[in-house]
Amino acid sequence: MSALCRRITSLATQLRIQTFAAVESQRNALSLPTRIFPSLNFFSSKPPPGPPTINDKLMEFLDSPKNWSADTIKTGRSWRTDELRIKSNEDLHKLWFVLLKERNMLLSMERECKKEYRVFANPERIDKVEESMENLEKVVRERNKAYFDLETTEPSERPGKLVSDQIGMRYFYKYAEHYIPKIMNRKWRAQVVHGYEGRAVKMFLLRMAEKKYNKQAWQTHCRRRYVSKLFRNFPDVDEDAIRKAFPDVDIEAAKNHKDARGNHNKNIA
């Protein structure tokens, strides 16, 4: 019996060695090209004959190999809402998945470039794709709202209200259906707390309001100085255009300010 076991073990070892040798010879015959990314060497840009493999599907998460070493890549602009409004729902559905696939590819390439300490060409491509997705989602919401207003006279999105959290910050809370009433649901009350109390929270809100007011005042001051310099450098500028571009700035005060003083108006005090 022991001799038979040794014979089986020997045959299994020989079969394992032959299988490993066959795999190595096939791998050498493929002669995969060298990539600029060492961590992506096991991918091949040329699909082998036959049905698609897992490597072909994974390559869809990466950019075209000809763009891996490029410093700049020519790209177009993002999709506008006016262009998306004339498309059908089916086209929008297809375009959404195309943009989603493009965003996944760009994020994968950006991560790989950071990992290999290389420059990611044209990083604004991610912003263009995200802007296109936001515009597409806006168009879909417009259509949903129009459909619900016409057919059901009900809101298309889940209703909600502005509430305050534990530190007094305001946010929009969307209503949701629950099996247990909120009065009896202890877990929900522990996670979602509306309202705030305490002297520390009130002082925090006062400081936040003060910081916001100072920021707005500084922005208004900067815009007023900019308008005054416009009057100083361009005495014949159109005041109606300036008033339309800066509605929160007192044009007369900016025009008579000392920052607007120039060789053309020396009499300004």
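Predicted model: local features only at pLDDT ≥ 70, side-chain atom pairs only at ≥ 80, totals over all residues.
# Reading the patches, pairs and turns

Colleague: What makes a set of residues a patch?

Modeller: Each member has over 30% relative accessible area and no salt bridge; nonpolar side chains (Val, Leu, Ile, Met, Phe, Trp, Tyr) are joined within 5 Å, like charges within 9 Å. The areas come from the Shrake-Rupley method with a 1.4 Å probe, and for residues only the protein chains shown count as cover.

Colleague: Why is Ile-183 called exposed?

Modeller: Its relative accessible area is 67%, and exposed means over 50%, buried under 20% and partly exposed in between (1.4 Å probe, protein chains only). So Ile-183 counts as exposed. You will find Ile-183 in the loop between strand 2 and helix 6 (186-191).

Colleague: And what makes the patch of Glu-124, Asp-127, Glu-130, Glu-131 and Glu-134 negative?

Modeller: Those five residues form a negative surface patch because Asp and Glu count as negative, Lys and Arg as positive, and His and the chain ends are not counted. The place of a charge is taken as CG of Asp, CD of Glu, NZ of Lys or CZ of Arg. One of the members, Asp-127, lies in helix 5 (residues 124-151).

Colleague: How do you know what is a helix and what is a strand?

Modeller: They are DSSP runs numbered from the N terminus: helices are H or I with at least four residues, strands are E with at least two. The chain has nine helices and two strands, and along the sequence the pattern reads α-α-α-α-α-β-β-α-α-α-α.

Colleague: Why are strand 1 and strand 2 called paired?

Modeller: Pairing asks for at least two DSSP bridges between two strands. Strand 1 (residues 160-164) and strand 2 (residues 170-174) are joined by five bridges, so they count as paired, and they run antiparallel. For instance, Gly-160 has Lys-174 as its bridge partner in strand 2. The two strands form a hairpin with five residues between them, and Gly-168 in the turn has a positive phi of about 85°.

Colleague: What is worth noting about phi at Tyr-117 and Asn-122?

Modeller: Most residues other than glycine have a negative phi. Tyr-117 has a positive phi near 55°, and Asn-122 has one near 50°. Tyr-117 lies in the loop between helix 4 and helix 5, and Asn-122 is placed in the loop between helix 4 and helix 5 too.

Colleague: Are Tyr-117 and Asn-122 buried or exposed?

Modeller: Tyr-117 has 76% relative accessibility, so it passes the cut-off for exposed. Asn-122, at 15%, falls in the buried class.

Colleague: How do you know that Glu-83 and Arg-77 form a salt bridge?

Modeller: A salt bridge needs a side-chain nitrogen of Lys or Arg within 4 Å of a carboxyl oxygen of Asp or Glu. For Glu-83 and Arg-77 the N to O distance is 2.4 Å, so the pair qualifies. Glu-83 is partly exposed at 24%, and Arg-77 is partly exposed at 48%.

Colleague: Which other pairs qualify?

Modeller: The structure holds twelve salt bridges, among them Glu-90 with Lys-94 at 3.5 Å, N to O. Both residues lie in helix 4 (residues 89-115), four residues apart, about one turn of the helix. Glu-90 is exposed at 52%, whereas Lys-94 is partly exposed at 48%. Another pair is Lys-255 and Glu-239, whose closest N and O atoms are 2.6 Å apart. Lys-255 is in helix 9 (residues 251-256) and Glu-239 in helix 8 (residues 239-245), so the pair ties together parts that are 16 residues apart in sequence. Salt bridges that share partners also join Asp-82, Arg-85 and Glu-142 into one network.

How values were computed:
Residues numbered from 1 in each chain as written. Heavy atoms only, no water.
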